[in-house]
Amino acid sequence: MSDEVLLEVDGGVAVITINRPKARNAVNGAVARGIASAVDELDERKDVAVIVLTGAGGTFSAGMDLKGFLTGDFPVVEGRGFGGLTEAPPRKPVIAAVEGYALAGGFELALACDIVVASEAATFGLPEPKRGLVAGAGGIMRLPRRIPYHVAMEIALTGDHYPASRLYELGLVNRLTPEGEALSGARELAATIAANAPLALAATKRVIVESADWSNEEMFKKQGAIISPVFSSKDAMEGAAAFAEKRPPAWTGE
């Protein structure tokens with residue numbers, strides 16, 4: 001990892017930290033490449049079941065680095081999209097731990113995650129229209145799929161900031177924490193998820209993500225193709241044995 005992106009792994013949980021606190025963790029090319037590199041690595045690591053994305057210094061991310069944008073530093077990674085994440089999120093579950101601002105591309109990074117844990121002091125918004133831009137990293141496509149249409153329109157068209165409490169009411173934020181405790185809250189939730197079988201987690205996420213486009217006629221066939229390998233895995237046998245023997249399972253990801 002570069003200095004702009006930090007990575008740590010503990011107990012099956014990986015934490016990716018955007019480390020540009022003086023710039024409110026604005027996403028530049030180095031951040032995008034760092035996140036993409038971390039995602040590529042973590043998707044292949046058997047010792048990681050869940051990923052947490054956060055920002056250093058009390059801010060998640062204020063979005064694209066506009067100063068860098070003016071000099072041609074566009075924070076997009078081919079195949080992964082803005083921030084190295086938005087077009088191709090990891091196969092493994094991702095939790096956004098949001099403190100402070102999650103604005104513009106920062107909000108879009110959070111929307112690319114599967115779960116959002118935010119502090120009560122966090123603020124979200126898509127202010128791109130105020131800068132003559134459009135939220136093109138998935139924000140205006142994902143937002144109306146997560147919250148009511150008219151509210152998504154208001155957020156996207158006004159460009160205003162909205163408190164985490166409002167997005168919690170709408171179901172976009174899973175859990176609210178006291179200020180400064182979003183990461184610890186995300187770690188706690190991630191640990192609960194990581195206690196489960198990694199192959200089952202990845203397959204479950206894939207079905208949830210991809211099934212939105214499946215017809216009634218094809219949905220069980222497509223689901224079967226994804227989940228069948230899980231049922232024949234060593235972890236499936238281990239799960240059954242652990243239950244019968246009344247002991248914790250020892251997952252191998254195989």
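Tutor: A residue is buried when its relative accessible area is under 20%, and exposed when the value is over 50%; anything in between is partly exposed. The model here is a predicted one.

Student: What makes strand 3 largely enclosed by the rest of the structure?
Tutor: Six of the six residues of strand 3 are buried, so the rest of the structure largely encloses the strand.

Student: Which residues of strand 3 point one way, and which the other?
Tutor: Val50, Val52 and Thr54 point one way. Ile51, Leu53 and Gly55 point the other way. All of them are buried. In a regular strand, side chains alternate between the two faces of the sheet.

Student: What makes strand 2 and strand 3 a pair?
Tutor: Pairing needs at least two bridges. Strand 2 and strand 3 have six, in the parallel sense, so they count as paired. Across from Val15 stands Val52 of strand 3.

Student: How do you know that the span of helix 1 agrees with its number of residues?
Tutor: Helix 1 has 16 residues, 29-44. At 1.5 Å a residue they should span 22 Å. The end C-alpha atoms are 23 Å apart, which agrees.

Student: What do the buried residues of helix 1 pack against?
Tutor: They pack against strand 1 (5-10), strand 2 (13-18), strand 3 (50-55) and strand 4 (76-77). Among the buried residues of helix 1 are Val31, Ile35, Val39 and Leu42.

Student: Why is Asn28 called a cap of helix 1?
Tutor: A side-chain oxygen of Asn28 lies 3.2 Å from the backbone nitrogen of Ala30. The cut-off for a polar contact is within 3.5 Å, so the pair qualifies. Asn28 caps the N-terminal end.

Student: Why is Arg24 called partly exposed?
Tutor: Its relative accessibility is 46%. That falls between 20% and 50%, so Arg24 counts as partly exposed. Arg24 sits in the loop between strand 2 and helix 1.

Student: Why is Lys246 called exposed?
Tutor: Lys246 has 80% relative accessibility, and exposed means over 50%, so Lys246 counts as exposed. Lys246 lies in the segment after helix 10 (234-245).

Student: Which residues of helix 5 are buried?
Tutor: In helix 5 (residues 149-158) they are Val151, Ala152, Ile155 and Ala156.

Student: How do you know that they lie on the same side of helix 5?
Tutor: They cover an arc of only 130° around the axis, which puts them on the same side. The face turned away from that side carries the exposed residues His150 and Leu157. The cover over the buried residues includes helix 3 (105-111), helix 4 (139-146), strand 10 (161-163) and helix 6 (164-169). Just after helix 5, Gly159 takes a positive phi of about 75°.

Student: What makes strand 9 and strand 10 a pair?
Tutor: Three bridges join strand 9 (residues 123-125) to strand 10, against a requirement of at least two, so they pair. They run antiparallel. Thr123 stands opposite Pro163 in strand 10.

Definitions and conventions
Residues numbered from 1 in each chain as written. Predicted model: local features only at pLDDT ≥ 70, side-chain atom pairs only at ≥ 80, totals over all residues. Heavy atoms only, no water. Helix = DSSP H or I, 4+ residues; strand = E, 2+ residues; numbered from the N terminus. Expected span 1.5 Å × (residues − 1). Buried < 20%, exposed > 50% of the residue type's maximum accessible area, 1.4 Å probe, protein only. Contact = heavy atoms within 4.5 Å. Polar contact = N/O pair within 3.5 Å; in protein donor to acceptor, adjacent residues only side chain to side chain. Arc of directions from axis to C-beta.
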